Amino acid sequence: MNTPRILLILMLVISPLAHSDKYKEVSWDDLMPKGWIPVVPDEPEFFEGETYDGRFETLPKIEMAPIVKSLNKQKIKLPGYMIPIKFNASSVSEFLLVPYMGACVHTPPPPENQIVYVSLKKPMVTQDLWAPVWVSGIMKAQVSMTKFATAGYHMTEAATEIYDY
Amino acid sequence: MNLLLLLKLTLKSILNRRFTSYLTLFSICISVFLLLGVDTVRKEAKHSFTNTISGTDLLVGARSGSVQLLLYSVFRIGNATNNIGWDSYEKISSHRSVAWSIPISLGDSHKGFRVMGTTEAYFQHYRFADEQALRFKVGKPFSAVYDTVIGADVAEKLGYQLGDELTLAHGVYDTDFARHDDKPFVLVGILERTGTPVDRTIHVSLQGIEALHVDWKTGTRSREAVSAQQALEQDLQPTQITAFMLGLNSKMEIFRVQRAINNYKKEPMLAVLPGLALGELWQLIGVAEKALLIIAVFVLLNSFVGLLTVILTSLNERRREIAILRSLGCRPNQIFILLASESLLFAIVGCILGVLLFLIAIVVSQSVLQGYGLHIPLSSFGPDQLKLVAAVIGMSFLLGSIPGYRAYKQSLADGMSIKL
């Protein structure tokens with residue numbers, strides 16, 4: 001076999017592996033660190049015991065649910081429901097992605113590591129708000145609040161598809 | 001027989017049956033107007049409503065329902081069920097998760113426009129459409145107790161200038177037996193047009209609302225009137241407000257803060273996310289608007305059936321006319337064009353009249369529409385509406401081929417002599 005043929009066969013074999021533009025499908029459980037046990041939040045303490053004297057600094061910090069740092073800068077695909085945050089009459093450009101919608105009030109809202117703030121690459125025309133969607137994008141797992149970003153999961157350059165079930 | 005001659009014949013034929021032609025034209029005109037009207041109103045309604053609020057994370061009011069809260073606090077439609085205490089507002093708005101808050105107080109009006117008590121935070125933080133801030137056309141926000149700032153529609157309709165005095169009325173309807181005549185307000189600012197209910201609102205300070213009601217604590221005007229001057233000397237710290245808007249430091253905390261407000265033990269309150277509440281509103285209205293659209297389409301189909309009936313029934317009387325045309329050298333497929341173009345002509349003229357009627361209706365009903373929070377400019381007749389009209393004309397051509405085909409077959413069968 002001559003060299004060009006070998007090269008051609010090699011290229012044919014390697015090219016599918018080189019096509020790493022796939023988004024990894026993750027589940028909501030993957031967003032919670034293994035071994036972390038969610039805590040029942042103590043809601044009545046949220047406002048009680050606070051008095052009005054300007055911005056309140058000395059209240060003990062409410063622990064934010066921890067995030068999985070290894071997900072940072074990963075291309076992932078996650079299904080969920082949209083809660084529009086930045087929208088106009090025809091489209092939604094930023095929303096919160098949550099695992100469920102319209103849940104009963106028996107349980108508290110999802111902890112911070114079960115919420116993803118999604119920024120769409122192209123604003124999406126709103127059809128049915130209550131339809132679940134697949135969101136694919138680049139995940140940013142921010143551990144703490146900086147001047148430019150709040151802590152938690154953010155997804156940028158995202159695109160949505162309808163979730164068929 | 002060239003095309004132009006055929007069309008002239010069509011026209012003459014129609015004019016010969018003038019009365020029925022006018023009636024058919026009228027029915028098409030009305031149904032096109034209806035279709036355009038329904039389609040535009042539902043698009044613009046959704047547009048107007050969704051553009052009213054932007055960038056607000058939570059809307060909070062006394063416990064009622066999310067759609068109701070959205071409607072009365074943002075759209076000034078309907079009424080609040082109850083007020084909320086000032087201390088609840090203070091405790092929540094001073095929490096570290098909150099970046100900004102805007103308290104609002106409703107319940108008074110002026111010549112059909114609602115009065116809203118608020119603070120300077122409103123002019124600073126309120127956003128609408130795509131994160132647009134409020135801008136002043138002239139003047140500045142209120143600073144004194146009796147200052148007022150009005151929206152663009154109020155200024156336009158009532159012709160107010162800076163420095164004018166406004167007398168506010170108690171309640172949503174302004175009649176002269178429930179006015180706060182002893183405490184007139186002075187206009188210090190007019191806002192730029194926003195296309196939202198802000199244009200129809202008269203803004204005053206919370207202290208202004210307190211001053212107005214200093215001698216209304218019994219629910220009616222007190223026997224011992226307190227003058228405007230005297231009211232200024234009293235403690236005008238508000239004790240209750242109707243609702244407030246919150247902007248949080250982190251969007252991730254929205255649910256936590258919302259839940260905490262809903263569970264607040266000291267006062268029953270409701271916190272909603274504006275995006276979700278709007279979605280719910282649209283779910284409610286969605287059914288009605290789809291039904292309206294389907295009805296409009298059926299009305300249009302009905303007119304077409306009417307048009308076809310007219311043409312088809314006339315076909316019998318026109319057999320002699322067609323035989324004469326055949327004898328003059330008109331080919332059967334030209335007969336087809338003759339008949340098919342008739343319905344096309346009706347449709348085109350009907351559409352033009354329908355569009356004209358629609359545009360006139362927009363101009364005439366501006367003030368009525370604005371009373372419902374709808375902002376429908378003439379420019380709302382755009383490419384989408386033209387597509388609708390084009391679809392109507394296209395459909396008419398398809399349907400017109402039915403009498404055309406019948407005439408074609410008849411002319412073949414009849415030849416030059418008619419067998420009646």
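Two strands are said to pair if DSSP finds at least two bridges between them. Helices (H or I, at least four residues) and strands (E, at least two) are DSSP runs, numbered from the N terminus. The model described here is predicted: local features need pLDDT of at least 70, side-chain atom pairs count only at pLDDT 80 or more, and totals for chains, interfaces and linings use all residues. Residues are numbered from 1 along each chain as its sequence is written, while chains are lettered from A and ligands numbered from 1 in the order in which they are written.

**Strand pairing in chain B**

Ser109(B) stands opposite Arg114(B) in β4(B). Arg114(B) in turn stands opposite Thr201(B) in β12(B). On another strand, β10(B), the bridge partner of Ser109(B) is Ala169(B).

| Strand pair | Sense | Bridges |
|---|---|---|
| β3(B), residues 98–110, and β14(B), residues 243–248 | antiparallel | six |
| β3(B) and β4(B), residues 113–118 | antiparallel | five |
| β3(B) and β10(B), residues 169–170 | antiparallel | two |
| β4(B) and β12(B), residues 201–205 | parallel | five |

Ile104(B) has Ala243(B) as its partner in β14(B), and Ser105(B) has Gly117(B) as its partner in β4(B). β3(B) and β4(B) form a hairpin with two residues between them, and Lys111(B) in the turn has a positive phi of about 50 degrees.

A residue is buried if 20 or more other C-beta atoms lie within 10 Å of its own, exposed if 12 or fewer, and partly exposed in between, with C-beta atoms placed from the backbone. Strand β4(B) is mostly covered, since six of its six residues are buried.

**Nonpolar cores**

A nonpolar core is a set of buried Ala, Val, Leu, Ile, Met, Phe, Trp, Tyr and Cys residues joined through C-beta atoms within 7 Å. The largest such core has 94 residues, of which Val118(A), Leu58(B), Leu59(B), Val60(B), Phe244(B) and Val272(B) touch the most other members. Strand β2 of chain A (residues 75–87) gives the most to this core, with six residues. A second, separate core of 33 residues includes Val310(B), Leu339(B), Val389(B) and Val392(B).

Two residues are in contact if their C-beta atoms, placed from the backbone, lie within 7 Å. Leaving aside residues up to four places away in sequence, Val60(B) touches Ala243(B), Phe244(B), Leu246(B), Ile261(B), Met269(B), Leu270(B) and Ala271(B). Ala243(B) is also the bridge partner of Ile104(B).

**Leu34 of chain B**

Leu34(B) has its place in helix α2 of chain B. Leu34(B) counts as buried because it has 20 C-beta neighbours inside 10 Å. Residues up to four places away in sequence not being counted, Leu34(B) touches Ala296(B) and Val299(B). The C-alpha atoms of Leu34(B) and Glu156(B), 122 residues apart along the chain, are separated by 30 Å.

**Domains of chain B**

Domain bounds come from an automatic or database domain assignment. For chain B this assignment gives domain 1 (3–49 + 286–414) and domain 2 (58–272). The centres of the two domains, taken over C-alpha atoms, are separated by 50 Å. Four residues of domain 1 of chain B are in contact with six residues of domain 2 of chain B. For the classes, Ala, Val, Leu, Ile, Met, Phe, Trp, Tyr, Cys and Pro count as nonpolar, Asp, Glu, Lys and Arg as charged, and the others, Gly among them, as polar. The side of domain 1 that touches domain 2 has no nonpolar, four polar and no charged residues.

**Chain A and the interface with chain B**

Chain A comprises one helix and six strands, in the order α-β-β-β-β-β-β from the N terminus on. Of the 165 residues in chain A, 25% are buried. Among contacts in chain A between residues at least 6 apart in sequence, 64% join residues at least 24 apart.

Between the chains, 26 residues of chain B are in contact with 25 residues of chain A. The elements giving two or more residues to the chain B side are α2 (18–50), α4 (86–93), α9 (254–262) and α10 (274–317) of chain B. The largest share of that side, four residues, comes from α9(B). By class, the side of chain B that touches chain A has eight nonpolar, nine polar and nine charged residues.
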